[in-house]
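Subject: Structure handover

Hi,

Here is the structure I promised to pass on. Have a look at it first, and then read on for what turned up.

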Amino acid sequence: MSLKKKFARESFTIMNELVLPNDTNTLNNLMGGRLLHWMDIAAAISAQKHCNRIVVTASVDNVSFKQPIKLGDVITIEAKVTRAFNTSVEVRLDVWSENIPSGARQKSNEAYYTFVALDQSARTIPVPELIPETPEEIDLFDGALRRRQLRLVLGGKMNPDDASELKALFFKA
């Protein structure tokens, strides 16, 4: 069975959340775990749009907090599939925080999540190929194989000697 190829733009997802008191720590900053939860939801929606299947989170790359997000800020999470592999997809997330009264908006986070598509029996299933269109989508697509190899090496699922895309960054052929 041949799967229909899909464009990256078809998976684009925007999710908004208002930071309420129950979402914050004692300094009135958004708790990191709450943000990761929201990011996981947005990324899963994006992955499901691409796969038309149930997906489960396989990995989350390093998430660094550039700026604290304050009580009352509105969070905008943008997610889009950057590359599809055999049964998994990589999703890029950008997180923005906005103080509505002042109009101040800043990027607070970015990350990559990986999802695996499952069938009704919870077995992995092939996903559609991704077609990047814009220069940014092409750059993200091209870098996805290196990021995937790094995840696999760090997760103990790939021998570093087999990570040819990563080695190409450091050694000439």
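Helices (H or I, at least four residues) and strands (E, at least two) are DSSP runs, numbered from the N terminus. L169, for instance, belongs to helix α3 (residues 164-170).

Before the rest, some housekeeping: this is a predicted model, where local features need pLDDT of at least 70 and side-chain atom pairs count only at pLDDT 80 or more, while totals for chains, interfaces and linings use all residues. Residues are numbered from 1 along each chain as its sequence is written, and side-chain values use heavy atoms, with hydrogens and water left out.

Back to L169. With 52% relative accessibility, L169 counts as exposed (buried means under 20% relative accessible area, exposed over 50%, partly exposed in between, with a 1.4 Å probe and protein chains only). Together with F170 and F171, L169 makes a nonpolar patch on the surface, and the three share about 400 Å² of accessible area. Such areas come from the Shrake-Rupley method with a 1.4 Å probe, and for residues only the protein chains shown count as cover. Patches take residues with over 30% relative accessible area and no salt bridge, joining like charges within 9 Å and nonpolar side chains (Val, Leu, Ile, Met, Phe, Trp, Tyr) within 5 Å.

Now the salt bridges. Side chains of opposite charge can pair when their charged atoms come close. The cut-off here is a side-chain nitrogen of Lys or Arg within 4 Å of a carboxyl oxygen of Asp or Glu, and the whole structure has 13 of these bridges.

Take E90 and R151, whose closest N and O atoms are 2.5 Å apart. E90 is in strand β5 (residues 88-99) and R151 in helix α2 (residues 135-154), so this bridge ties together parts that are 61 residues apart in sequence. Both ends are buried: E90 has 0% relative accessibility, and R151 has 17%.

D94 and K107 also meet in a salt bridge, at 2.8 Å from N to O. That pair links distant parts of the chain, D94 being in strand β5 and K107 in strand β6 (residues 104-118), 13 residues apart. D94 is buried at 12%, whereas K107 is partly exposed at 24%. K107 has another salt bridge, to E110, with 2.9 Å between the closest N and O atoms. E110 is partly exposed too, at 30%.

On to the rings. There is one aromatic pair in the structure: Y113 and F115 are stacked, 6.3 Å centre to centre with 15° between the planes. (Rings of Phe, Tyr and Trp, its six-membered ring, pair if their centres lie within 6.5 Å; planes under 30 degrees apart count as stacked, over 60 as edge-to-face and the rest as tilted.) Y113 and F115 are both buried.

V60, in strand β3 (residues 54-60), touches Y113 and also Y112, leaving out residues up to four places away in sequence; contact means heavy atoms within 4.5 Å. V60 is partly exposed, at 39%.

Y112 has a charge over its ring as well: the charged end of R147 sits 4.1 Å from the ring centre. R9 likewise lies over the face of F7, 4.3 Å from the ring centre. This applies if NZ of Lys or CZ of Arg is within 6 Å of the ring centre and within 35 degrees of the ring normal.

Over to you!
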